[in-house]
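Please open the model in a viewer and keep the selection panel at hand.

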Amino acid sequence: MIRNAIIIDAGDNIATVLRDVAAGGDVVAGLGDETVVLAAVEPIPFGHKVAVRAIAKDEEILKYGAVIGAATQDIAQGMHVHVQNVVSLRGRGDLEAGEK
Amino acid sequence: MSFLGYRRANGQVGTRNYVGVLATVACANEVALGIANQVRGTMAFTHQQGCCQTPPDLERVTRTLSGLGCNPNLAAVILVSLGCEGTDVEAVAEAIKATGKPVEILPIQQSGGLANTLAKGTLIAQKLVMDASRIEREPCDDSDLVVGLKCGSSDTTSGLAPNPALGLAVERLTEAGGTAVMGEVTEFIGAEHILAAQAKDEATGRRILDLVERMENRAKAVGVDMRGGQPTPGNIKGGLTTIEEKSLGAIAKAGRAVVQDVYEYGERPRVKGLVVMDSPGREPELLTGMAAAGCNVIVFTTGRGAPQGFPFVPVLKVTGNRNTWETLVDHMDLSVHEVVDGSESMPAAAARLYDAILGVAGGVTTKAEVSGYFKAMDIYVTGPVI
């Protein structure tokens with residue numbers, strides 16, 4: 001199968017798609033020499049992220065083996081992972097304003 | 001020898017040979033532009049600062065203008081002053097003079113206004129350009145390069161191909177004795193622990209963490225989530241979700257090179273190798289800071305396609321996005337999108353990028369230079385206009 005996505009680090013819970021993937025389409029993600037295949041449950045645009053496994057609400061999102069944010073809701077495998085279901089954990093002046 | 005450059009009196013090497021016409025305050029921009037428009041071989045630097053600002057900002061403006069004037073890509077400098085500004089114009093002139101290059105100050109209020117200053121400045125600029133034209137390029141080495149690292153209008157391809165390719169090029173450059181300047185401290189947020197671990201010692205790593213904390217506190221002081229500002233709406237459309245994700249891709253530009261030192265905005269590095277300079281991510285201020293730090297080439301990676309260059313420092317545009325490469329033909333200089341496709345290896349792309357840097361250093365023009373796409377420039381300020 002031709003790869004259309006990449007998982008950068010073995011610990012990552014998301015893959016980055018390298019072509020537009022339609023809802024129901026296969027995400028064929030390379031992780032070094034391994035290939036992980038899953039179905040996209042919604043359209044994933046070029047360059048965007050897809051969950052490679054189920055991610056629970058508040059769980060950390062991992063890319064490059066590092067934390068890039070946290071899930072604001074449960075995210076199923078194959079779902080689009082982006083601003084609609086992930087928040088940043090840094091530069092959050094809004095949270096500090098709330099604490100005051 | 002790796003490229004032909006202009007070796008200056010102080011030993012620094014220029015990749016270009018312009019006469020700089022620098023406005024020392026926003027009020028002098030018109031005259032600086034007027035002189036530069038009249039005389040081929042000059043480049044104007046204009047900005048919106050230099051008066052009615054807090055002392056730390058005025059000090060930064062003075063330091064930045066000094067650094068710009070000292071940049072080895074300028075053979076000589078004309079400082080166009082209004083005559084009543086907050087910038088320490090004498091200090092700027094003294095700093096530039098110390099490099100051994102000619103400096104002239106033109107105060108508009110003492111020179112009889114626009115028309116008279118323009119006439120006087122035009123004649124001075126003509127002479128300086130003719131003098132500069134006698135300087136010839138000579139053989140220079142990789143160690144004479146001071147390369148600024150910048151990424152902008154990023155998408156997720158930035159962190160997959162052009163930034164890691166640039167990282168490999170930086171490793172090669174610094175091993176060869178060259179210098180690389182990494183700015184964009186906002187884009188360390190979430191990845192600072194990785195960069196700090198690459199510092200030459202714990203104290204240097206601590207200074208990187210301190211810079212990031214200072215920048216994050218500035219953003220947080222506004223009391224909102226900075227998303228939308230960083231990452232930008234364009235970054236988000238390109239698939240970048242959070243500043244942490246953007247940062248992790250951005251710091252790949254440093255490769256695994258050792259961070260030798262940490263500097264304030266616009267300060268010239270006193271050591272060779274990879275250094276970090278305080279600066280925001282926005283192009284006008286970042287590119288100015290790099291030029292003030294003495295960079296003689298800037299490499300600018302982009303996903304969605306950032307067009308900006310800088311008047312007297314060549315800015316090489318590298319993309320990893322095939323669509324951007326195919327559609328933005330008059331802005332992109334190099335593409336490494338085949339790394340994303342899997343049809344080119346990362347080391348091969350990095351080698352092409354390194355060759356392109358040496359080519360530009362030796363005089364190959366960049367798209368931004370050819371098109372004159374370098375008018376957005378400014379000096380970084382952190383305080384209010386008062």
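Which kind of contact do the side chains of B:Arg214 and B:Glu264 make? Select both residues: their side chains meet in a salt bridge, with 3.2 Å from N to O. The model shown here is predicted.

**Stop 1**

Keep the pair selected and colour the elements around it. B:Arg214 is partly exposed, at a relative accessible area of 33%. B:Glu264 is likewise partly exposed, with a value of 33%.

Next, select B:Arg352 and B:Glu344, whose side chains form a salt bridge at 2.9 Å from N to O. Here B:Arg352 counts as partly exposed, with 34% relative accessibility, whereas B:Glu344 is buried, at 15%.

Then select B:Lys150, B:Glu184, B:Lys253 and B:Glu283 together; salt bridges link these four residues in a network. Over all chains, the count of salt bridges comes to 25.

**Stop 2: chain B against chain A**

Display both chains and select the residues in contact: 30 from chain B and 28 from chain A. The two chains bury about 2300 Å² between them, and carbon and sulfur atoms account for 55% of that area. Between chain B and chain A there are five salt bridges and 18 residue pairs in polar contact.

On chain B, colour helix 5 (156–160), helix 8 (202–220), helix 9 (233–237) and helix 10 (243–250); each supplies at least two residues of the side that touches chain A. Helix 10 gives the most, with five residues. By class, this side of chain B has ten nonpolar, eleven polar and nine charged residues.

Now select B:Glu245 and A:Lys63, which form a salt bridge with their closest N and O atoms 2.8 Å apart. B:Glu245 lies in helix 10 of chain B and A:Lys63 in strand 6 (residues 60–63) of chain A, so this pair joins two chains. Are these two residues buried or exposed? Both B:Glu245 and A:Lys63 are buried.

Move on to B:Asp225 and A:Arg92, another pair in a salt bridge, with the closest N and O atoms 3.4 Å apart.

**Stop 3: the two domains of chain B**

The contact takes 14 residues from domain 1 and 17 residues from domain 2.

The area buried between these domains is about 1200 Å², of which 63% comes from carbon and sulfur atoms. Select B:Arg63, B:Asn71 and B:Asn73: they supply 36% of the area that domain 1 buries against domain 2, more than any other three residues.

How many salt bridges are there between domain 1 and domain 2 of chain B? The count is zero, although five residue pairs are in polar contact across this interface.

Finally, select strand 3 (18–23), strand 4 (42–45) and helix 2 (55–70) of chain B, the elements that give two or more residues to the side of domain 1 touching domain 2. Helix 2 gives the most, with five residues. The residues on this side of domain 1 divide into eight nonpolar, four polar and two charged.

Terms used: Residues numbered from 1 in each chain as written. Chains lettered and ligands numbered in written order. Predicted model: local features only at pLDDT ≥ 70, side-chain atom pairs only at ≥ 80, totals over all residues. Heavy atoms only, no water. Contact = heavy atoms within 4.5 Å. Buried area = accessible area lost by both parts, 1.4 Å probe. Polar contact = N/O pair within 3.5 Å; in protein donor to acceptor, adjacent residues only side chain to side chain. Helix = DSSP H or I, 4+ residues; strand = E, 2+ residues; numbered from the N terminus. Nonpolar A, V, L, I, M, F, W, Y, C, P; charged D, E, K, R; others polar. Buried < 20%, exposed > 50% of the residue type's maximum accessible area, 1.4 Å probe, protein only.
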